[in-house]
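Here are a few exercises to work through with the model open in your viewer. Try each one before reading its solution.

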Amino acid sequence: VFLGALWVIRPLLRRVALLAQAAGAVGDEERFPAARAAGRDELGDIERGLRTAHQRIAADRAALEEKNR
């Protein structure tokens, strides 16, 4: 039973760790993780939301830099 639970929990923990890393790097072009396929579950929804936020921040940054030239 314990090994079965580990088999299920370990991939989830890995995904949560990657999401935490992505959340900490939103807006940072160098640290934000490269695009990858998001899952079709709640964690995938969070990943897509973080990616959208990151893209909006990057676009806003580019627009501000262009405006300030």
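**Exercise 1.** Work out how helices α1 and α2 are arranged in this predicted model.

*Solution.* Start with the geometry: α1 (residues 2-25) packs against α2 at an angle of about 15°, and the two axes lie 10 Å apart. Angles under 35 degrees count as roughly parallel, so α1 is roughly parallel to α2. For the handedness, the crossing of α1 and α2 is left-handed.

Next, pick out who touches whom. On the α1 side, the contact is made by Leu12, Arg15, Val16, Leu19, Ala22, Ala23 and Ala25. From α2 come Leu43, Gly44, Ile46, Glu47, Leu50 and His54. Sort these contact residues by type and you get nine nonpolar, two polar and two charged.

**Exercise 2.** Find out which residues of α2 are buried, and name a helix that helps cover them.

*Solution.* Go along the helix and you'll find Leu43, Gly44, Glu47, Leu50, Arg51 and His54 buried. What covers them includes α1.

**Exercise 3.** Compare the span of α2 with the expected value.

*Solution.* Count 26 residues in α2. From its first C-alpha to its last, α2 reaches 37 Å, close to the 38 Å expected at 1.5 Å a residue.

How values were computed: Residues are numbered from 1 along each chain as its sequence is written. This is a predicted model: local features need pLDDT of at least 70, side-chain atom pairs count only at pLDDT 80 or more; totals for chains, interfaces and linings use all residues. Side-chain values use heavy atoms; hydrogens and water are left out. Axes are lines fitted to C-alpha atoms, for helices over the stretch in contact, and angles run from 0 to 180 degrees between N-to-C directions. Helices (H or I, at least four residues) and strands (E, at least two) are DSSP runs, numbered from the N terminus. Angles under 35 degrees count as roughly parallel, over 145 as roughly antiparallel, 65 to 115 as roughly perpendicular and the rest as oblique. A crossing is left-handed if the near helix is turned anticlockwise from the far one by less than a right angle, and right-handed if clockwise. Contact means heavy atoms within 4.5 Å. Ala, Val, Leu, Ile, Met, Phe, Trp, Tyr, Cys and Pro count as nonpolar, Asp, Glu, Lys and Arg as charged, and the others, Gly among them, as polar. The expected span of a helix is 1.5 Å times one less than its number of residues. Buried means under 20% relative accessible area, exposed over 50%, partly exposed in between (1.4 Å probe, protein chains only).
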